Amino acid sequence: MNRPTPARPLPAPLLSSLLVLPALLGLTATAGCSPAPAPAPVPAPPPAASAPATTVGTPTDAAWVQLMTPMNEKAVALLALAAERATTPPLRAFAARLRSTQEAELGRLRPLLARMGLPGTDVHAGHDMPGMVTEKDLAAARAAEGAAFDRLFLSQLRDHLRHSAQVSRSEITSGARADAKELAAALVTAREAALTELAGLPGAARALG
């Protein structure tokens, strides 16, 4: 049996954000004054419409969602290639199913970014993040053919699945937002299932070495 290769360590700044729940940076002020008594009741004005409040969450929550969103976006691009160009029907079918799953995850990650008041731009653009499919990786995949494409695809996808599961476990442990932690748990379950399926694909063990 092939022994799994260890996942690369995360960069220190990201790891510290994902693994350590920071202390609160300030105290929430509370109003304790009571209105002065008036000789006669004063009618209250009608309540003004207000925009829904957003909660940014902790740096752990923000770091996780701002990393997972571009990780999924880049993985979807690679999976789209594999769904068309992988050499075997089982591998193409696996890529197509996983692409649909990760697109559905993006349908939850992007609204989470908005609810947290975070930009939808890729804050990691140009960074060499563990598990992130880069533009260079996609260019290499487009240039590869046959068994070479399969090897490249399987290796990059396994790295993506392992690292995205790793950071999602950190969010479950150290995050604060219930909606982010719930989504992280769903992602971990999906990654573990995908890794199991990947390992059982015909030729995967030989391709991955």
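Arg191 forms a salt bridge with Glu105, and their closest N and O atoms lie 2.9 Å apart; the term salt bridge stands for a side-chain nitrogen of Lys or Arg within 4 Å of a carboxyl oxygen of Asp or Glu. Because Arg191 belongs to helix 6 (residues 178-199) and Glu105 to helix 3 (residues 89-115), the pair ties together parts that are 86 residues apart in sequence. Helices here are DSSP runs of H or I with at least four residues, numbered from the N terminus. Both Arg191 and Glu105 are buried, a word that means under 20% relative accessible area, while exposed means over 50% and partly exposed in between, with a 1.4 Å probe and protein chains only.

This is a predicted model, in which local features need pLDDT of at least 70 and side-chain atom pairs count only at pLDDT 80 or more, whereas totals for chains, interfaces and linings use all residues. Residues are numbered from 1 along each chain as its sequence is written, and side-chain values use heavy atoms, with hydrogens and water left out.

The structure holds eight salt bridges. In one of them, Glu135 pairs with Lys74, with 2.5 Å between the closest N and O atoms. Glu135 sits in helix 4 (residues 135-143) and Lys74 in helix 2 (residues 59-85), so this pair ties together parts that are 61 residues apart in sequence. Glu135 is partly exposed at 47% relative accessible area, and Lys74 is also partly exposed, at 21%.

Arg169 forms a salt bridge with Glu192, the closest N and O atoms being 3.1 Å apart. This pair links helix 5 (residues 146-174), which holds Arg169, to helix 6, which holds Glu192, 23 residues apart.

Note on methods
Helix = DSSP H or I, 4+ residues; strand = E, 2+ residues; numbered from the N terminus.
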